[in-house]
Amino acid sequence: MDTVQVRVHLRTPRLLLRQFTGDDVDSLVALDSDPEVMRYLSGGSPTPRETVRDEVLPRMLDWHARSDSFGWWAAVGVSSGEFLGWFEFRPEHDPATVELGYRLRTAAWGHGYATEGARALIDNGFRVLGVRRVVASTMAVNTGSRRVLEKCGLRHVRTVHLDWPDPLPGSEHGDTEYALDRVEWAATG
């Protein structure tokens, strides 16, 4: 890891969500080279190393430079120290509406890490950061991600059918949008 002190954003019982560093290129390349991880994003095609190094990681690092509260964080196993993937929690247009996202290695699937990390970000967003709304989207056929969003309290808002230049298998079923408002979250907690 870089000699710079890496800030841990959140800690859960099994995860550390920490800032990315320049040393995370190989981990991100490996993540984006797994056809199953990329199935609903690129149809299974890997993200080229140069794109990760020159575009993806710099965008993530830029968020760390601009905000201590929002952006992308590397997900690392507390006990193993192993890179498991990443979580995103950042505003797109309205600062009070935050987009939730995650991408985990296939070895981390089915262990509850996505739900654990997403819930921690959502709770921190509403309790500490003053977020009013959390949104997320995924392909309708991505039942695993849809289950995670529902376990985190997000509700299906709508399914949209977008016109993609190179549609992925399953895109004919649309993209689902999910949301959770602060009031709904407070009523469940």
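Reader: Is threonine 138 buried or exposed?

Author: In this predicted model, threonine 138 counts as buried, because its relative accessibility is 10% and buried means under 20% relative accessible area.

Reader: OK, and where does threonine 138 lie, and what does it touch?

Author: Threonine 138 lies in strand S6. If residues up to four places away in sequence are not counted, threonine 138 touches Ser145, Arg146, Asp175 and Thr176.

Reader: Let me switch to the helices. At what angle do the axes of H1 and H3 cross?

Author: The axes of helix H1, which covers residues 25–32, and helix H3, which covers residues 49–66, cross at roughly 115° and come within 10 Å. That angle makes H1 roughly perpendicular to H3, and the crossing in which H1 passes H3 is right-handed.

Reader: Which residues make that contact?

Author: On the H1 side they are Val25, Asp26, Leu28, Val29 and Asp32, while H3 brings Arg49, Val52, Arg53, Leu57 and Met60. Sorted by type, the residues of this contact of H1 with H3 divide into 6 nonpolar and 4 charged, with no polar ones.

Reader: You mentioned Arg53, so which residue does arginine 53 form a salt bridge with?

Author: Arginine 53 forms a salt bridge with aspartate 54, and the closest N and O atoms of the two are 2.8 Å apart. Arginine 53 is partly exposed, with a relative accessible area of 41%, and aspartate 54 is also partly exposed, at 46% relative accessibility.

Reader: And where is aspartate 54, and how far is it from valine 25?

Author: Aspartate 54 lies in helix H3. The C-alpha atoms of aspartate 54 and valine 25 are separated by 9.7 Å, and the two residues are 29 residues apart along the chain.

Reader: How many salt bridges are there?

Author: The count for the model comes to 13 salt bridges.

Reader: Which residue does glutamate 184 form a salt bridge with?

Author: Glutamate 184 forms a salt bridge with arginine 155, and their closest N and O atoms are 2.7 Å apart. This pair links distant parts of the chain, 29 residues apart, since glutamate 184 is in helix H6 (residues 182–188) and arginine 155 is in strand S7 (residues 155–160). Glutamate 184 is partly exposed, with a relative accessible area of 26%, and arginine 155 counts as partly exposed at 35%.

Reader: Now the glycines: is glycine 85 buried or exposed?

Author: Glycine 85, which lies in strand S4, is buried, with a relative accessible area of 0%. Leaving aside neighbours within four places in sequence, glycine 85 is in contact with Leu31, Trp73, Ala74, Ala75, Arg103 and Leu104.

Reader: And glycine 101, which strand is that in?

Author: Glycine 101 has its place in strand S5, and glycine 101 is buried, with a relative accessible area of 11%. Apart from neighbours within four places in sequence, glycine 101 is in contact with Trp86, Phe87 and Glu88. From glycine 101 to phenylalanine 87 the C-alpha to C-alpha distance is 5.7 Å, and the two are 14 residues apart in sequence.

Reader: Last one: what is tryptophan 72 in contact with?

Author: Tryptophan 72 lies in strand S3, residues 71–77, and counts as buried at 6% relative accessibility. Leaving aside neighbours within four places in sequence, the contacts of tryptophan 72 are Phe20, Arg59, Met60, Trp63, His64, Trp86, Phe87, Glu88 and Arg90.

Note on methods: Residues numbered from 1 in each chain as written. Predicted model: local features only at pLDDT ≥ 70, side-chain atom pairs only at ≥ 80, totals over all residues. Heavy atoms only, no water. Axes fitted to C-alpha atoms, helices over the stretch in contact; angles between N-to-C directions. Helix = DSSP H or I, 4+ residues; strand = E, 2+ residues; numbered from the N terminus. Parallel < 35°, antiparallel > 145°, perpendicular 65-115°, else oblique. Left-handed = near helix turned anticlockwise from the far one by under 90°. Contact = heavy atoms within 4.5 Å. Nonpolar A, V, L, I, M, F, W, Y, C, P; charged D, E, K, R; others polar. Salt bridge = Lys/Arg side-chain N within 4 Å of Asp/Glu carboxyl O. Buried < 20%, exposed > 50% of the residue type's maximum accessible area, 1.4 Å probe, protein only.
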